[in-house]
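Here is a short report on a predicted model.

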Amino acid sequence: MRMKPALTLDDAKKLLAVAEEEARRNKWEVVIAILNDGGRIVAVHRMDGARPGNDQIAIAKATTSAMTCRPSLVWERWIEGRHKAYATFPFIAAQGGLPIIIDGDLIGSIGVSGVKSAEDEQIAMAAIQAVFPQAKTTREGEENDAQTF
């Protein structure tokens, strides 16, 4: 039997707290979604002032990252490039979703929506780095997927 790390509710609460602090520090109003390795919701947090559609977008970004083990930015870049057909996949191609990978295993993902996509990702990355400093957001060998098609 193989053992692997798992994302807990306590981990999700820590991610949410750091993400909210990063957003508040920048005066941003966002929705933060934390999913497990199966793409199921562990926690969703809506900050006051976030737009109504941000919930679904944050969850979709996190789902994209959990189901593909790739940052959602990769899909955005691929669709902007030669892979227009990827737009038909059931994923959202917008930056702001990141997988959380520890020792090569996906443990979950975080998606943020509410500001510019790069700022959404900034919030997600701040949370991951603070809670799981050893985590990666790409699998080994896929570090340049957003640059190469």
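Arginine 24 is partly exposed, at 49% relative accessible area. Both residues sit in helix H1, 4 residues apart, about one turn of the helix.

## Other salt bridges

The whole structure holds 6 salt bridges. One of them joins lysine 4 to aspartate 37, with 2.8 Å between the closest N and O atoms. This pair links distant parts of the chain, 33 residues apart: lysine 4 lies in the segment before H1, and aspartate 37 in the loop between S1 and strand S2 (41-46). Lysine 4 is partly exposed at 38%. Aspartate 37 is partly exposed at 35%.

Arginine 46 and aspartate 55 also pair, at 1.9 Å from N to O. Arginine 46 is partly exposed, at 34% relative accessibility. Aspartate 55 is partly exposed too, at 22%.

## Nonpolar cores

The largest nonpolar core has 24 residues. Val30, Ile32, Ile34, Ile110 and Phe132 have the most contacts inside it. Elements giving two or more residues include helix H1 (9-25), strand S1 (31-36) and helix H4 (117-131). H1 supplies the largest share, 5 residues. A second, separate core of 6 residues includes Ala33, Leu35, Ala50 and Ala62.

## An exposed loop residue

Arginine 82 lies in the loop between helix H3 (72-80) and S3. Its relative accessibility is 66%, so it counts as exposed. Its C-alpha is 26 Å from that of valine 112, 30 residues away in sequence.

Technical notes. Residues are numbered from 1 along each chain as its sequence is written. This is a predicted model: local features need pLDDT of at least 70, side-chain atom pairs count only at pLDDT 80 or more; totals for chains, interfaces and linings use all residues. Side-chain values use heavy atoms; hydrogens and water are left out. A nonpolar core is a set of buried Ala, Val, Leu, Ile, Met, Phe, Trp, Tyr and Cys residues joined through side-chain atoms within 4.5 Å. Buried means under 20% relative accessible area, exposed over 50%, partly exposed in between (1.4 Å probe, protein chains only). A salt bridge is a side-chain nitrogen of Lys or Arg within 4 Å of a carboxyl oxygen of Asp or Glu.
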